[in-house]
Amino acid sequence: MWQKDDVAVSDSEEQTDNQPKSAPAASVGALLKATRTRLGQDLKQVSQALRIRQLFLQAIEDGRFDELPGPTYALGFVRSYADFLGLDSEEVVRRFRAET
């Protein structure tokens, strides 16, 4: 479980009866979206606070990394978004790199 400030996030999604115990962790986009939703943040609010276009944040949440302006920007966006949500940004960036 990652923890920063008052937010705790599990590495894996909740298990169901038919899911193996070693189920893969949620994608970076799913993690960011779930955390944002749990915190009651609207994507538009996050976009305005971070000064990152809403369509880029939506692309990150949806796993459409090819729609981001470039690798350096993408890493910065993911790091800023994770920090804003109180997540361990280094771990989120590590997982993002593994996914891309």
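Student: What pLDDT does the protein average?

Tutor: This is a predicted model, and its average pLDDT is 83, with 75% of the residues scoring at least 70. Go carefully with residues 5-24, where pLDDT stays under 50. The model has 30 contacts beyond four places in sequence for that stretch.

Student: Okay, now the helices. How are two packed helices described?

Tutor: You give the angle between their axes and the distance between the axes. Take helix H2 (residues 43-50) and helix H4 (residues 71-84): their axes come within 11 Å and cross at roughly 110 degrees. Angles from 65 to 115 degrees count as roughly perpendicular, so H2 is roughly perpendicular to H4. The crossing is right-handed.

Student: Which residues make the contact?

Tutor: From H2 you have Leu43, Val46, Ala49 and Leu50, and H4 brings Ser80, Tyr81 and Phe84. Sorted by class, that's six nonpolar, one polar and no charged.

Student: And where does H3 come in?

Tutor: Helix H3 covers residues 54-62, and its axis and that of H2 come within 9 Å, crossing at roughly 120 degrees. That angle makes H2 oblique to H3. This crossing is right-handed too.

Student: Which residues of H2 and H3 meet?

Tutor: Leu43, Lys44, Val46 and Ser47 of H2 meet Gln54, Leu57, Gln58 and Glu61 of H3. Here the classes come out as three nonpolar, three polar and two charged residues.

Technical notes: Residues are numbered from 1 along each chain as its sequence is written. This is a predicted model: local features need pLDDT of at least 70, side-chain atom pairs count only at pLDDT 80 or more; totals for chains, interfaces and linings use all residues. Side-chain values use heavy atoms; hydrogens and water are left out. Axes are lines fitted to C-alpha atoms, for helices over the stretch in contact, and angles run from 0 to 180 degrees between N-to-C directions. Helices (H or I, at least four residues) and strands (E, at least two) are DSSP runs, numbered from the N terminus. Angles under 35 degrees count as roughly parallel, over 145 as roughly antiparallel, 65 to 115 as roughly perpendicular and the rest as oblique. A crossing is left-handed if the near helix is turned anticlockwise from the far one by less than a right angle, and right-handed if clockwise. Contact means heavy atoms within 4.5 Å. Ala, Val, Leu, Ile, Met, Phe, Trp, Tyr, Cys and Pro count as nonpolar, Asp, Glu, Lys and Arg as charged, and the others, Gly among them, as polar. pLDDT is the predictor's confidence in each residue, from 0 to 100.
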